[in-house]
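Please read the following briefing alongside the sequence and the coordinates.

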Amino acid sequence: MVEYAYAIVHKGTNIVASRFESKEAAEDALKRLPSSSRRMFKIVSIDDPIVREYYRKVNMIRARNGLKPIDPRRG
């Protein structure tokens with residue numbers, strides 16, 4: 001099973017765009033974006049309060065729909 005350590009988050013909406021196992025992988029993914037889009041995203045730790053709050057909200061919606069919660073650290 002995959003263990004995520006970093007996430008790319010949209011700065012304006014705090015939506016988690018993707019999760020990564022290493023900071024290098026996250027940086028590589030961010031570099032692939034056009035430079036005009038790159039500044040709208042940031043790399044944060046998977047334990048960052050922004051990521052925790054995002055998955056709290058996602059898991060509330062999933063619970064209402066009878067789905068299992070998502071653990072942000074696990075793949």
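Contact here means heavy atoms within 4.5 Å, and helices (H or I, at least four residues) and strands (E, at least two) are DSSP runs, numbered from the N terminus. This is a predicted model, in which local features need pLDDT of at least 70 and side-chain atom pairs count only at pLDDT 80 or more, whereas totals for chains, interfaces and linings use all residues. Residues are numbered from 1 along each chain as its sequence is written, and side-chain values use heavy atoms, with hydrogens and water left out.

**Overall fold**

- The chain has 3 helices and 3 strands, and from the N terminus on these elements run in the order β-β-α-α-β-α.
- Taken along the principal axes, the C-alpha atoms fill a box of roughly 40 × 30 × 20 Å.
- Of the 75 residues in the chain, 20% are buried, where buried means under 20% relative accessible area, exposed over 50% and partly exposed in between (1.4 Å probe, protein chains only).
- Among contacts between residues at least 6 apart in sequence, 54% join residues at least 24 apart.

**Strand pairing**

- Two strands are taken to pair if DSSP finds at least two bridges between them; β1 is joined to β2 (residues 16–20) by 4 bridges, and the two run antiparallel.
- Within this pairing, Ala-7 stands opposite Arg-19 in β2.
- β1 and β2 form a hairpin with 5 residues between them, and Asn-14, which lies in the loop between these strands, has a positive phi of about 60° although it is not a glycine.
- Asn-14 is partly exposed, with a relative accessible area of 33%.
- β1 also pairs with β3 (residues 41–45) in the antiparallel sense, over 5 bridges, and the partner of Ile-8 in β3 is Ile-43.

**Nonpolar cores**

- A nonpolar core is a set of buried Ala, Val, Leu, Ile, Met, Phe, Trp, Tyr and Cys residues joined through side-chain atoms within 4.5 Å; the largest has 8 residues, namely Tyr-4, Ala-7, Val-9, Val-16, Val-44, Ile-46, Val-51 and Tyr-55.
- The elements that give two or more residues to this core are β1 (6–10) and α3 (49–64).
- Apart from this core lies another, of 5 residues, among them Ile-8, Ala-26, Leu-30 and Phe-41.
- Leaving aside residues up to four places away in sequence, Tyr-4 touches Arg-19, Phe-20, Glu-21, Ile-46, Pro-72, Arg-73, Arg-74 and Gly-75.

**Helix α3**

- α3 has 16 residues and reaches 23 Å from its first C-alpha to its last, close to the 22 Å expected, the expected span being 1.5 Å times one less than the number of residues.
- Val-51, Tyr-55 and Asn-59 are buried in α3; they lie on the same side of the helix because they cover an arc of only 60° around the axis, an arc being that of the directions from the helix axis to the C-beta atoms.
- The buried residues of α3 pack against β1, β2 and β3, while Pro-49 and Arg-64, on the other side of the helix, are exposed.
- At the start of α3, a side-chain oxygen of Asp-48 reaches to within 2.8 Å of the backbone nitrogen of Ile-50.
- Asn-59 is buried, with a relative accessible area of 18%; its side chain reaches the backbone nitrogen of Ile-70 at 2.6 Å, and Asn-59 touches Pro-69 and Ile-70, not counting residues up to four places away in sequence.
- α3 is followed by Gly-66, whose phi is positive, near 75°.

Conventions: A polar contact is a pair of N or O atoms within 3.5 Å; within protein, one must be able to donate a hydrogen and the other to accept it, and residues adjacent in sequence count only if both atoms are side-chain atoms.
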